[in-house]
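This briefing covers a protein model with the sequence and coordinates shown below. The points are grouped by topic.

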Amino acid sequence: MLSRVANSIYWMARYVERAENLARYIEVTLNVILDQPDSAHHQWAPLILATGDEKTFTERHGKPNSQNVIHFLTFDPDYSNSIKSCLTHARENARTIRETISPEAWEQINEFYHWLRSHSNQKMTLEQLTDFYQRARMHSHLFSGILDATMLHGEGWHFANLGRLIERADKTSRILDVKYFTLLPTLSDVGTTIDDLQWSAVLRSVSGFEIYRKRFRAITVPRVVEFLILEREFPRAVRFCLEGADRSLHAISGSPEGVFRNLAEQRLGQLRANLAYADVQQVINNGLHEFVDELQVKLNDVDEAIYETFFAIRSPVQSQSQSQSQTQSSR
Amino acid sequence: MAFENYNTEKIPDELIQENGSPRMGAKLLIDQLNSMSMDEIRNRQQAMDRSLLHMGITFTVYGDDSGTEKIFPFDLVPRIVEAFEWSHIEAGLKQRIKALNEFINDIYHKQEIVGDEVLPRDLLEKAKSFRHQCVGLNPPGGIWCHVTGTDLVRHSDGAIYVLEDNLRCPSGVSYVLQNRMIMKRTFPQVFAASNVRPVIDYPSRLYSTLSQLAPEHVKDPVVVVLTPGIYNSAYYEHSFLAQQMGVELVEGRDLVVQDGSVFMRTTDGFRRVDVIYRRIDDDFIDPQAFRADSMLGVPGLFDAYKNGRVALANAPGTGVADDKVIYAFVPDMIRYYLGEEPILPNVPTYVCARDVDQKYVLSNLDKLVVKAANEAGGYGMLIGPHSTAEQQAEFAEKIKEDPRNYIAQPTLMLSRVPTLIEDHFEGRHVDLRPYVLYGKEGVWVLPGGLTRVALRKGSLVVNSSQGGGSKDTWVMARNAAEAAENETTM
């Protein structure tokens, strides 16, 4: 597969996943506010923190409130990670490879894009907003499902899978980090209704509430952390994502799991091993925030290694350095 | 009755006779349209527009930052070509392409046509698109122009004329295939009953034409489509053709020349490329051989081509025949190389480099269409009857300054096809671009083509950049067997 094409598939999938995660954060926040109208003013700042782009936000909008956060994260064309920008990037990437993905996948991403554009300048009621984000999420699911169901599960699909799983691991860890931080003051109130509501919102934002209930029933902080980071079977948990990404990486190179033949496999393998042998109490004792921080640095290293290994094939004749030419930096 | 008030205004109409009744091949379609209400017809048109938008067959409106995208307008009434007429067109195109190919091969070798004084030497030497780098080249099988999209028009005398040959990178064939797919959904019953010849096997024909170009020792040749990238207005087509042929779509930056061969960068290292269907003009394919400022090309590609390490389609250098002055000599080429009379006539063309012609042109600017020799897309043109005295004076200056760069033709009255305009049908002028493939097994003409339509009332300019749209083109089969000849591949 052409390096450029692989690069575009990878980023197409990452951007759609990024847009979906943003939609999830906002959808759940809107639900919390419906349950707890008094808390509305507390709910928006953490979303900005979770993007890691709080500096850009503050410069442009000052104090976060529902309107400016929703605009910034959803429609702002000047913010390169807003849902709208993500979809624009995803579609541009898809356009350069539409001969590689299935026509159905292209049509879906195109439909998603046009649907989003048709909402850009509307004022929406709370109900409309909830419906809007739910539909955005469903568009992303549909895209993901179409890729899985219509694309040859060869190299191209594995690059898409790699992109979406790495992005998802990143986003799940971020939302946990931010919520953990903002909920810390209430740790002493463990077991109160408010606390439950907040943590169940976090679980709901990753579609994990019911699964968590079945597995652990009572909500406790260590178990939520364990569930979101270390769970092997929950598809939005960090460990699940990294193991899937690692399998795709090995499918691409053809080397067996457990060994590495390139930098990307080495770095991802190390990260996977870290999680496989981690213990949740240790993680919390050493500081969840530090743990997540390090995780994100390592995810970036993996991303860089993927780029170097597969996308930046340089010829010995031409010494031109090809940088990531599209607006693809992960943050 | 959709066609109750339709008026041909005595202009030749491809579907309706002067007395208002439909032509033979159009009867089923017109009956169907007449049986529908205008609301129903408009609904079908809107459904077609929506599916084009969803398929992403759009172009970005220049100068609009908000990213507004538009579809190329596609009208639901097809152009219909009767079987007997198509046989005539097909024979004419085959003859023309063979002569043009002989011509290109000749001028890059012995230049006998110049030696025998059929084509004046200075006209050839001043053709901007003559590539001296191509002198002495021997493309595989002696074939230079593998893919051609010839523009045809019907004049008010009822005859079909060749307007342009387009031997470089003719575009539009993807619309032929997509338009057909949408039309089949829109008028399934008429389609089934009408004996329309299929166009669906174009991609496999194109693939086999291309793969035959590979050096003989290569068993399973790697064919690619080379595109300038997503900002090119024909990008959709490049990607569509690559997808339909099942080959890689590459950009210049994906390719590299090493040890004299061409390779593409893949996730698994470098992979050799044998045949390139290039959709980039000669000028830009290789900065070492042609324009040094080209960012789209591949350094060293032309050398690899000259040494037979990679094949290019079309061959570099074919653009010389697109020079409108050279065009004027195609009928002579047919006589010279093939010893035959041209089947399809040229539009009568005045070559301003000839004194007699120039004199006539300058005193008849208000009646003629003047064209620059090397412009395309409807640019650099004066349409005499629609022009002002100042515009005519401006062109008179240009012609006197550089007579070699101008030709003039009588203003043609292009034929029309009924077209949905708001809530009724009106005639709009059309041209027709059939597509021709020239491979080792001979010349093949796709039974169909792109019908371009000037949507503005009275306009004769069909180019999409200037308010043109498209229509499906139905070539009627002589019999049911011909209509079904390719159904199995659908």
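Predicted model: local features only at pLDDT ≥ 70, side-chain atom pairs only at ≥ 80, totals over all residues.

Which element gives the most to the lining of the second largest cavity? It is α1(A), with four residues.

**Cavities**

- The model has six cavities of 30 Å³ or more.
- The second largest cavity has a volume of about 70 Å³.
- Its lining consists of A:Tyr25, A:Val28, A:Thr29, A:Val32, A:Leu47, A:Ile175, A:Lys179, A:Ala201, A:Val202 and A:Ser205.
- Two or more residues of this lining come from each of α1 (3–35), α8 (155–183) and α9 (193–205) of chain A.
- Sorted by class, the lining of the second largest cavity holds seven nonpolar residues, two polar residues and one charged residue.
- Domain 1 (1–151) and domain 2 (168–314) of chain A each supply at least three residues to the lining of the second largest cavity.

**Chain A as a whole**

- Chain A contains 15 helices and zero strands.
- Chain A has 331 residues, and 57% of them count as buried.
- The accessible surface of chain A is about 14000 Å²; carbon and sulfur atoms account for 52% of that surface.
- For contacts in chain A between residues at least 6 apart in sequence, 64% are between residues at least 24 apart.

**Domains of chain B**

- In chain B, the domain assignment gives domain 1 as residues 216–308 and domain 2 as residues 348–411.
- The distance between the C-alpha centres of domain 1 of chain B and domain 2 of chain B is 38 Å.

**B:Leu52**

- B:Leu52 sits in helix α2 of chain B, which covers residues 38–54.
- Is B:Leu52 buried or exposed? B:Leu52 counts as buried because its relative accessibility is 4%, and the cut-off for buried is under 20%.
- Leaving aside residues up to four places away in sequence, B:Leu52 touches B:Ile57, B:Ile71, B:Phe72, B:Phe74 and B:Ile182.
- Between B:Leu52 and B:Pro403 there are 351 residues of separation in sequence and 44 Å in space, taken from C-alpha to C-alpha.

How values were computed
Residues numbered from 1 in each chain as written. Chains lettered and ligands numbered in written order. Heavy atoms only, no water. 1 Å grid on protein atoms, 1.4 Å probe; cavity = no way out; pocket = protein on both sides within 12 Å on 5 of 7 lines; lining within 4 Å. Points joined across faces, edges and corners; volume = space filled by probe spheres on them. Nonpolar A, V, L, I, M, F, W, Y, C, P; charged D, E, K, R; others polar. Domains from an automatic or database assignment. Buried < 20%, exposed > 50% of the residue type's maximum accessible area, 1.4 Å probe, protein only. Contact = heavy atoms within 4.5 Å. Areas by Shrake-Rupley, 256 points an atom, 1.4 Å probe, with all protein chains shown as cover.
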